[in-house]
Every structure is written in structure tokens, then in C-alpha cells.
Amino acid sequence: MTPPPYQDLTPSQLDTLGPEVRRIDVREPDEFTGPLSHLPGAELVPLGTLEAASASWPREQPLLLICRSGGRSSKAAQALAQRGFKHLYNLAGGMLAVREPRAPQG
């Protein structure tokens with residue numbers, strides 16, 4: 001089985017991403033502004049518009065794909081990989097994982 005053409009990141013790994021990583025939220029507008037909100041600096045590019053929107057994007061720029069639970073963003077990452085994008089990250093668990101309370105450590 002071949003590995004996916006992207007790397008899954010957990011919410012705790014978001015801080016390791018540099019400013020060069022473009023954050024692309026593939027949810028719908030009402031989700032982007034809804035209760036789960038969105039990551040700071042994220043751009044709204046609904047999944048249905050991703051192909052057209054990404055046509056002019058540099059293929060070498062690192063992209064983080066974000067959605068509600070990680071499903072749509074993984075599909076987006078796979079689609080972008082097929083279009084020649086090289087550095088793709090998927091937010092595993094999506095905004096649900098970002099917003100869930102963290103268990104105390106220790």
C-alpha cells in the first residue's frame with residue numbers, strides 16, 4: 001500500500017509550521033464563520049472551488065488543508081497532489097480536534 005501524498009498533522013503540531021505554509025480551509029462559508037471558527041490566517045477555499053482556485057498557486061509552496069474532521073481536507077490534499085503540488089499537510093481530525101478540550105498532562 002502506498003503512503004498518502006501528504007503528511008497528517010495533529011493540532012499540537014500546528015505550532016511547528018512556519019509562516020511559509022499557506023493555510024487553506026476547504027469547508028463551506030457558514031462552517032468557516034460558524035461555531036468551530038477557523039485557524040488564524042486561514043483562507044477559505046471551499047472544496048468545490050479548489051481546482052479552479054489552485055490553478056495559479058505555486059506548486060512548491062507548502063499547503064495545510066483544513067476542514068471540520070479531516071475527511072474533506074485529505075481529499076483536497078490528494079487532489080492537489082495529483083495536480084503537482086509537492087508539500088501538502090492535512091490537519092488530522094480537523095477543526096473538531098483543534099477545538100476539543102485537551103486532557104491534562106501528567
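Because the model is predicted, local features are reported at pLDDT of at least 70 and side-chain atom pairs count only at pLDDT 80 or more, whereas totals for chains, interfaces and linings use all residues. Residues are numbered from 1 along each chain as its sequence is written, and side-chain values use heavy atoms, with hydrogens and water left out.

The protein chain contains four helices and five strands. Helices (H or I, at least four residues) and strands (E, at least two) are DSSP runs, numbered from the N terminus. Along the sequence these elements follow the pattern β-β-α-β-α-β-α-β-α. The radius of gyration of the protein chain is 13 Å, close to the 13 Å that the globule rule gives for 106 residues, so the chain is as compact as a globular protein of that length. This radius is taken over C-alpha atoms, and the rule is 2.2 Å times the number of residues to the power 0.38. The C-alpha trace spans about 45 × 35 × 30 Å along its principal axes.

Of the 106 residues, 41% are buried; buried means under 20% relative accessible area, exposed over 50%, and partly exposed in between (1.4 Å probe, protein chains only). Contacts (heavy atoms within 4.5 Å) were also examined. Among those between residues at least 6 apart in sequence, 68% join residues at least 24 apart.

The five strands form an open sheet with parallel pairing, in the order β1-β5-β4-β2-β3. Strands β1 (7-9) and β3 (43-44) stand at the edges with a single partner strand each, so one side of each is left without a neighbour in the sheet. Two strands are taken to pair if DSSP finds at least two bridges between them. Strand β2 (residues 22-25) is joined by four bridges to β4 (residues 63-66), and the two run parallel. Two bridges join β2 to β3, which also run parallel.

R23 stands opposite L64 in β4. D25 stands opposite I66 in β4, and D25 also stands opposite L44 in β3. In a regular strand the side chains alternate between the two faces of the sheet. In β2, R22 and I24 point one way and R23 and D25 the other way, and all are buried.

Two loop residues provide a contrast in accessibility. V21 lies in the loop between β1 and β2, and V21 counts as buried because its relative accessibility is 5%. When residues up to four places away in sequence are not counted, V21 touches P62, L63, L64 and Y89. V21 and F85 are 64 residues apart in sequence, and their C-alpha atoms are 13 Å apart in space. P40 is found in the loop between α1 (29-32) and β3, and P40 counts as exposed because its relative accessibility is 72%. P40 and D30 are ten residues apart in sequence and 17 Å apart in space, C-alpha to C-alpha.
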